[in-house]
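I opened the model to look up charged and aromatic side-chain contacts. My notes follow in the order I took them.

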Amino acid sequence: ADDKAEVTIAGTLAIVKFKHPNGTPLQAYVVRLPRPVCADVIDLDGKVQRVNRIGRVQVAGELDERTFKALLNRRVSVGGTLFGQHTAYHVAPILIQLKSIERAK
């Protein structure tokens, strides 16, 4: 996951509900991948770690709620840059910093 290289991922847009460690209920948008992948992720200390069997990628950034609701449970194509999970708000090992989203063709 190179946070400088733009990528496009495709999968099904879904909502994941979870609890923050402080007990607050939260939800996040994720792209469920058609099959698990593996990736090398750079952590906050600059170390590269291999993550196996990634089944979903969390969407980060400015999210237009109306657009996301219209695309929910549909195949989408999401463009942006990837980065590794590093806070309790991250529910997937890899996140994509959203630049574009559209229904997959």
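Entry one, charged pairs. I started with Glu 102, which forms a salt bridge with Lys 105; the closest N and O atoms are 3.7 Å apart. The rule I applied asks for a side-chain nitrogen of Lys or Arg within 4 Å of a carboxyl oxygen of Asp or Glu. In general, side chains of opposite charge can pair when their charged atoms come close.

I note for the record that this is a predicted model, in which local features need pLDDT of at least 70 and side-chain atom pairs count only at pLDDT 80 or more, while totals for chains, interfaces and linings use all residues. Residues are numbered from 1 along each chain as its sequence is written, and side-chain values use heavy atoms, with hydrogens and water left out.

I then looked up accessibility, where buried means under 20% relative accessible area, exposed over 50%, and partly exposed in between (1.4 Å probe, protein chains only). Glu 102 has a relative accessible area of 42%, so I list Glu 102 as partly exposed. Lys 105 comes out at 91% and is therefore exposed.

Entry two, the remaining bridges. How many salt bridges does the rule give? I get a count of 3.

One of them joins Lys 99 and Glu 6, at 3.2 Å from N to O. Lys 99 sits in strand E5 (residues 94-103) and Glu 6 in strand E1 (residues 6-19), so the bridge links distant parts of the chain, 93 residues apart. Strands here are DSSP runs of E with at least two residues, helices are runs of H or I with at least four, and both are numbered from the N terminus. Lys 99 is exposed at 54%, and Glu 6 is exposed at 56%.

Asp 40 and Arg 50 also form a salt bridge, with 2.9 Å between the closest N and O atoms. Asp 40 lies in strand E2 and Arg 50 in strand E3 (residues 48-60), 10 residues apart. I find Asp 40 partly exposed at 36% and Arg 50 partly exposed at 48%.

I found 1 aromatic pair in the structure. The partners are Tyr 29 and Phe 68, tilted, at 4.7 Å centre to centre with 50° between the planes. Rings of Phe, Tyr and Trp (its six-membered ring) pair if their centres lie within 6.5 Å; planes under 30 degrees apart count as stacked, over 60 as edge-to-face and the rest as tilted.

What does the pair tie together? Tyr 29 lies in strand E2 (residues 25-42) and Phe 68 in helix H1 (residues 65-71), so the pair ties together parts 39 residues apart in sequence. Both Tyr 29 and Phe 68 are buried.
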